[in-house]
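My entries follow in the order in which I made them.

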Amino acid sequence: DCEGTTADGLADLVPVNCGNLRGLAAEKVGRFTAAADGVVCAGLGGSSYDTVIHVREANCYSPLAQVACNDDSDFGLQSEAEFAVTAGNDYFVIVDGYNQITGDFQLNLFSGSCDAPRDLIYELDTAGRFTTLLAALDAAGLTEALQGEGPLTVFAPNDAAFAALEEANPGIIDALIADPE
């Protein structure tokens, strides 16, 4: 997941190739390599403007490489695209705006269908960088409570933060998980 703005992006760097969509605004391009075969959902929920998202495989600039494109998903003017990925292949996610609109965006990428149920535990697990937090929540008996309906706000330290804590205080993580009280 990442946040940013398209206000300082390059105008129409990557041409949109999905019907009559007009993603002609300044855009930002991100790249990732698929770790495994499967399905990925890329969403711009939480963005502050009317977004367009398109995804290309292997070649960012070729409209023929496009694997997904969306303007206005089920949750409003923010876009969401689901696409199949192949392990080891590169994918480019282009955050764009409708009709030359720019703004602040929040890009969320996760493994699985865009229609999959998403509770907080699912999101933390899918992100893949909260394994220590998930173990601590499970030890404290909080997993089921955080799988319920929100809204929920959690300040979630990632595995790197727990590693830094462990480095400064050897054994602290195991002690906390062993005695969550």
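**Strand pairing**

I began with Lys28, which stands opposite Val95 in S8. The model is a predicted one: local features need pLDDT of at least 70, side-chain atom pairs count only at pLDDT 80 or more, and totals for chains, interfaces and linings use all residues. Residues are numbered from 1 along each chain as its sequence is written, and side-chain values use heavy atoms, with hydrogens and water left out.

I took helices (H or I, at least four residues) and strands (E, at least two) as DSSP runs, numbered from the N terminus. Two strands pair if DSSP finds at least two bridges between them.

S3 and S8 run antiparallel and are joined by 6 bridges. I also found S3 (residues 26-33) paired with S2 (residues 10-11), antiparallel, over 2 bridges. There, Ala11 stands opposite Ala26.

Next I looked up S4. It is joined to S7 by 6 bridges, and the two run antiparallel; Ala42 has Ala81 in S7 as its bridge partner. S4 also pairs with S9 in the antiparallel sense, over 4 bridges, with Cys41 opposite Phe110 in S9.

**Nonpolar cores**

Which residues have the most contacts inside the largest nonpolar core? I noted Phe32, Ile53, Phe83, Val85, Tyr91 and Leu107, in a core of 17 residues. Two or more residues each come from S4 (38-43), S5 (51-57), S7 (80-85), S8 (90-97) and S9 (104-111). A nonpolar core here is a set of buried Ala, Val, Leu, Ile, Met, Phe, Trp, Tyr and Cys residues joined through side-chain atoms within 4.5 Å. Buried means under 20% relative accessible area, exposed over 50%, and partly exposed in between (1.4 Å probe, protein chains only).

Apart from this core lies another, of 9 residues, with Ile121, Leu137, Leu146 and Ile173 among them.

I then listed contacts (heavy atoms within 4.5 Å) for Ile53. Leaving out residues up to four places away in sequence, Ile53 touches several residues, including Ala42, Ala81, Asn70, Glu80 and Leu107.

**Asn70**

Is Asn70 buried or exposed? Asn70 counts as buried because its relative accessibility is 18%. Asn70 is in strand S6 (residues 66-71). A polar atom of its side chain lies 3.0 Å from the backbone nitrogen of Glu80.

**Aromatic pairs**

I searched the whole structure and found 3 aromatic pairs. Rings of Phe, Tyr and Trp (its six-membered ring) pair if their centres lie within 6.5 Å; planes under 30 degrees apart count as stacked, over 60 as edge-to-face and the rest as tilted.

Phe32 and Tyr91 are stacked, because their ring centres are 5.6 Å apart and their planes are at 25°. This pair links distant parts of the chain, Phe32 in S3 and Tyr91 in S8, 59 residues apart. Phe83 and Tyr91 form a tilted pair, 6.0 Å centre to centre with 40° between the planes. I noted Phe32 and Tyr91 as buried, and Phe83 as well. Phe32, Phe83 and Tyr91 form one aromatic cluster.

**Disulfide**

How many disulfides does a search of the whole structure find? I found 1, taking a disulfide as a pair of cysteine sulfur atoms within 2.5 Å. Cys41 is joined to Cys114, S to S 2.1 Å. The torsion about the S-S bond is about 105°, so the disulfide is right-handed. Cys41 lies in S4 and Cys114 in the loop between S9 and helix H1 (120-127), so the pair ties together parts 73 residues apart in sequence. Both Cys41 and Cys114 are buried.

Key
A polar contact is a pair of N or O atoms within 3.5 Å; within protein, one must be able to donate a hydrogen and the other to accept it, and residues adjacent in sequence count only if both atoms are side-chain atoms.
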